[in-house]
Structures are given as C-alpha cells and as structure tokens.
Amino acid sequence: MSGAFKLPNDFWSSLQVTPQDVENLHSFLFERETPLTLRDLTAEFVDARIKEERAAAELKQKANGRSFLPKETYQVGDQIVFPALDWKPGKVIGVREGVNPSIGDFDVLTVMMDDQSERMFASNLRSHFLNEAPIPVPENDDLVPAAILREYGDVIDKKLEAAFHADESLVKIAGRWFPSALLVDINRGQLNLAEAVLDMSGGEPLPTAALIKDIELPAGINTKLAEFSLNYALQDDDRFDEVGPAGQVLWCLRRLEPDYVREIPPPLQYTPIEHDRDVLSGAMKNLEAQLDDELTPVAEGDLREDISVVTISLIYPHLRAGTLPMSARARRLFPTAYESERVRFTLVDGKTKQRIPAWVVLEHGYVYGLREWYKSHQLIPGSLVQVKRGENPGEVIVEVKSQRSSKDWVRTVMVGKDGGFVFAMLKQAITAEFNDRMTIHVPDFKSLDPVWEKKRSFDELVLLVMRELTKSNPQGHVHAQELYAAVNLVRRVPPAPLFYLLETNPVFKHVGDLHYRLDEE
C-alpha cells in the first residue's frame, strides 16, 4: 500500500479498547505462554491496530476497482485503482497499441482520474518492476509503533489496563498480566512450605525463584509461568507481602517486617491541622519546597525534573525514628513498586560502602532503617544528609559530610520534668556539616517525651516555642525555618500549617525575609 495511508490525527488519543482487542491479547498471551507487562501488551495492541486499519483501508480502496498492474490487460469502462499513486481511482476511457520496438508489444491506456484529469499508462507489459516488487511504504510516525508508543503509550496503557481489570479471566502480579486459565495450581501445603522458607530467612526477602525450589511443583512447567503462578498465589495470601522494587519480585512475611514499616513511627505521626495553602506567600512556598518534608503535597510538576542528588536537613522526628523523608525531590531517587506500598532496598554509605537494609514506605512517604547509621555518625537535628541515585538498581547512596569533631556554639534544648523547655546557646561536639537555621542539639532524645505527651494546642505550642527562641536572639526575630525545626522538636507538623499560622495570626509580625517577631501587646 502507498504512503498515503494515514490515520486521523486523534486516532490514538481517542481510540476505545474493544472486547475483541482484549480477546486478541488473550490469544497473544496464550501463544506466548509468558506473563507480559502492560507496555509489552500495549506494543502488541498498537501493532495489531496498525495492521487492522491498514487492511481495512486497502479493502476500501480495492472496492473502487481492480488494482493496476502493468502486466494486466484492461478494457474501456474498467474501473482501476493505482496503489503507486496513493490508491487514486480512475476509469479506462481509451485503449490503443503502444509503439516502442525496444520493449515489444504493449497497450496504452487513457484513464480519466477522479479529479477529471486524463493520464496515460502502459499495460499488457510483461516486464515492469511494479509487476513484482512491493510498493515502498514510507515510515510515517503515525504508522511506526515505536513513535506511537513514545507519544501515546501512557494514554493507551491506561485504557488497556482499565479493560484488563474489567476482565476477570486476566490476572496481574508485579506488573505482569496473564490468563488465569493457564495458571499452575498452588495448594495450601505448598504455600506453607513457602512460609517456612521465608521464616528461615529471618525476615530477609527472597525472590520467587528461591521459593520454587522448595515447594515441589510438577516437572516440565514453563519457568516463568511457574513463578507467575506462585506469585499470584502468594499475593492472595495475607501472610505474604511482595516488597521488591519495580522490575524485581521479592517476598517477605508480613509478621517479620519491622514494626515501623507496618505502621508509622510515633515521631512521624501527624494529626492534620486545618489550613489554607492559598494563603501562603510565594517565599513561603519556596521555603516549603526546600525543607523536603514528606507531608508536603506533591504537585504533578514536582516529579518532572530529573534529580540525581538531594541534600536533606534532618528534623528531630526523622532522626528519632531512624527515617528519611521522601519529599517531592527525594522520592525520585528511591525505588518504587508496581503495587506494593512497602519496598525493600539497600542504602549504601557513600564513603565506607557499608550496605544498610532499608525500606521505602510509599504510602506514608518515608524511608526506614537508618537509626544505627545516624548514631554511628553522631548526627543531631539539622545535620545534612546527602542522598544520591544508586549505581545499581535497588540501591541508593547516603552520605554525611563529616568534619573533625569540634566544639561549636549551637542552640540546645533543655527540658524540665514538667514538660517545660528552654533554648540556650551551648558548646556541643559537632561531627558533621549542618544547617545553621535548623540545628538544635538534643542532649537526650527521651527527655523530649514529656513535651510530646503534654498535648498542648497547636497555636499554644507554636507561641511557646517562639517565645523561647526569641530569648536567644538579641533582635527578638525568628526565621520561619528556625521555627519549623524547633516546633518539630515537640510536635510533628509540616511547613504549611505553621506558615499559615504565621501569616494569619496577628501575634506574629513579619519583619522581612521570612523573619518574625512576637507582638503580644
């Protein structure tokens, strides 16, 4: 067919997935006998649709008449279509003998084209390249699967996935789809054996291949089909949790997962505070983005920029819980999963190369597993931790900018037994680089527990913290960033509710550049 075959401009963006499309993909999966990803199936769908539309267009064009071939003979009145001329139709209005001794006998056709123009063509010509050679088809973007997938792949993925979810005969596990009719039966006894294997691993997640060795499946089964079938059976059993990063399937027993992976650590638990983000100034929103708080909403545009390294200023709740925030910037550096909310991966110390088992808790936006690492580096609230993209899949690099231990004057919190607290500038041993505005030394983490337990109202608590901070500043001014770090010593709160309070409560007076003073007169 000629390069004139084109699809409507909105063909791929507006197409609907039909039951026949799903049935065709069923057949494709049956033939392959291999579970495939959604993108694999989208590629097959696109290729099949192109062939289907091309065939339909050719059939429609051929209905206008015989396809012209130079070797054929034609009569006046014959309707002809010309593949080499974009399948334009014409009608033979004259036939005469051709004159060219070098090529022998042939006919000359006079054809009235559909635009009323007359053209002449040679026929009854035994030797001509159009008789044998296929007509070249230019690779236009609207007909090239790879180009279509680049532009419309995500749109088609969503439509196909919706159709697959509505089809009970297709099942999905770890991002791959397969007909349920072909699954290998996995019984209760085999699942119990899988549980025993994971029990022996002591909480260390294992790949499906490691479990298959011990559950005694029938011989001769396709390896990928066996793994998919076991994955599906494990997914339906509450004892098991799939915790591998996208592209890797790892299984763990839920009961062996760390407590702070299955539930939010107390220091990170946030009781929502009513506020209006639209009230925040542009400067406040800029600071909010820099603070890398996992509770700050992630806007769609936040995930577009490619980032390979993020430096995070630790706040007390994360230091106490042994966690890192998965902020809008940081989350692009950590592994994700197709379905699981918990992902097991490895943190690598950028200097010592120490490997640290860790967990991404996607639902609540934090990374767990750093408590001992924090202790080994003697980090304090305000210390800087650099997070880099790992060199291998499933790995993330963490690094502390260490410095020779020295005594520095830093803000220090002192807590009374009654839950009262004060701030004082004291000399403390510092072993790592820190954020000047967010550094607050805590001599004993447990000493802050009575403050958390006192359950003051948010407004009261912020006012109390602000009063104490202003005492150590000769100008009586406090920066919003300092206040954020200090308030998080005594209650978990993201930046927005705090900044909203600063903007709306008249007791806080803005004196420029996000510095505030109290006006309690």
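Predicted model: local features only at pLDDT ≥ 70, side-chain atom pairs only at ≥ 80, totals over all residues.
**Two helices**

Helix 15, residues 480–487, packs against helix 16, residues 495–504, at an angle of about 125 degrees. Their axes lie 10 Å apart. Helix 15 and helix 16 are therefore oblique to each other. The crossing of helix 15 past helix 16 is right-handed. On the side of helix 15, the contact is made by Ala 480, Leu 483, Tyr 484 and Val 487. Helix 16 contributes Pro 495, Leu 498, Phe 499 and Leu 502. By class, this contact between helix 15 and helix 16 comprises eight nonpolar residues, with no polar and no charged ones.

Strand 23 spans residues 515–518. Tyr 516 and Leu 518 form its covered face, whereas His 515 and Arg 517 form the uncovered one. The pairings of strand 23 are set out below.

| Partner of strand 23 | Sense | Bridges |
|---|---|---|
| Strand 21 (residues 478–479) | antiparallel | two bridges |
| Strand 22 (residues 508–512) | antiparallel | four bridges |

Within these pairings, Val 478 stands opposite Tyr 516 of strand 23, and Lys 509 stands opposite Arg 517 of strand 23. Strand 22 and strand 23 also form a hairpin, with two residues between them. In that turn, Asp 513 has a positive phi of about 55 degrees.

**Thr 323**

Where in the chain does Thr 323 have its place? Thr 323 belongs to strand 13, which covers residues 323–325. A residue counts as buried under 20% relative accessible area; Thr 323 has a value of 0%, so Thr 323 is buried. When neighbours within four places in sequence are left aside, the contacts of Thr 323 include Pro 265, Leu 268, Leu 314, Pro 317 and His 318. Also among them are Tyr 366, Val 367, Tyr 368, Leu 370 and Tyr 374. Between Thr 323 and Leu 514 there are 191 residues of sequence separation and a C-alpha to C-alpha distance of 28 Å.

**Positive phi in two loops**

Asn 124 is not a glycine, yet its phi is positive, at about 55 degrees. Asn 124 lies in the loop between strand 6 (118–123) and helix 4 (129–132). Lys 353, likewise a residue other than glycine, has a positive phi near 65 degrees. Its loop runs between strand 14 (342–349) and strand 15 (355–361). Lys 353 is exposed, because its relative accessible area is 52% and exposed means over 50%.

Conventions. Residues numbered from 1 in each chain as written. Heavy atoms only, no water. Axes fitted to C-alpha atoms, helices over the stretch in contact; angles between N-to-C directions. Parallel < 35°, antiparallel > 145°, perpendicular 65-115°, else oblique. Left-handed = near helix turned anticlockwise from the far one by under 90°. Contact = heavy atoms within 4.5 Å. Nonpolar A, V, L, I, M, F, W, Y, C, P; charged D, E, K, R; others polar. Buried < 20%, exposed > 50% of the residue type's maximum accessible area, 1.4 Å probe, protein only. Pairing = 2+ DSSP bridges.
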